[in-house]
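Q: I would like to learn how to read the features of a structural model, one at a time. Could you take me through them, giving the general idea before the case at hand?

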Amino acid sequence: MDYKKIYDSLMLHAQNRTLEGYVEKHHIIPRCMKGTNERNNLVNLTPREHFLAHWLLVKIHPDNFKLLCAWNCFCRIKDVVRPLSIHYERCRVLWVAELHKRKITHPDSFAKPYRLLLYEF
């Protein structure tokens, strides 16, 4: 499946419409990949589109730890509709594997340095 093509299509669609109601801002080129806060790099997405955009980014760039951090946060939101179990499982498997590579032993460990990575976006 061409995840990049799907992501690009979602971003193009988002750039060419106006949403009403609750929206979430999304960086087309993520900050962790040298994206900026310029208006032409930001789009408004529905919450579902925002989740899918980050899922697609992890599929496109599976070795980018910061993208995985962001997606992991989407998968761990409490008291909100959870993602499909297959997506959550994939996220957790990647997350735990990456933590093991970085010698962090507990999957729910979110040491301060890694928490700070999320706020660099």
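This is a predicted model: local features need pLDDT of at least 70, side-chain atom pairs count only at pLDDT 80 or more; totals for chains, interfaces and linings use all residues.

A: Residues are numbered from 1 along each chain as its sequence is written, and side-chain values use heavy atoms, with hydrogens and water left out.

Q: Which elements does the protein chain have, and in what order do they run from the N terminus?

A: Helices (H or I, at least four residues) and strands (E, at least two) are DSSP runs, numbered from the N terminus. Here the protein chain has five helices and two strands, in the order α-β-β-α-α-α-α.

Q: How do strands S1 and S2 pair, and what lies on each face of S2?

A: Two strands pair if DSSP finds at least two bridges between them, and in a regular strand the side chains alternate between the two faces of the sheet. In this model S1 (residues 24–27) and S2 are antiparallel, with four bridges, and Lys 25 stands opposite Asn 44 in S2. Strand S2 (residues 42–45) has Val 43 and Leu 45 on its covered face, whereas Leu 42 and Asn 44 are on the uncovered one.

Q: How do helices H2 and H3 pack, and which residues make the contact?

A: Axes are lines fitted to C-alpha atoms, for helices over the stretch in contact, and angles run from 0 to 180 degrees between N-to-C directions. Helix H2 (residues 47–60) packs on helix H3 (residues 65–75) at an angle of about 140°, the axes being 9 Å apart. The contact (heavy atoms within 4.5 Å) involves residues including Phe 51 and Trp 55 of H2, together with Leu 68 and Trp 71, among others, of H3.

Q: How many disulfides are there, and is Cys 69 buried or exposed?

A: A disulfide is a pair of cysteine sulfur atoms within 2.5 Å, and by this rule the count is zero. Cys 32 is in no disulfide, since the nearest cysteine sulfur, that of Cys 69, is 9.1 Å away. Buried means under 20% relative accessible area, exposed over 50%, and partly exposed in between (1.4 Å probe, protein chains only). Cys 69 is therefore buried, at 0% relative accessible area, while Cys 32, at 24%, counts as partly exposed.
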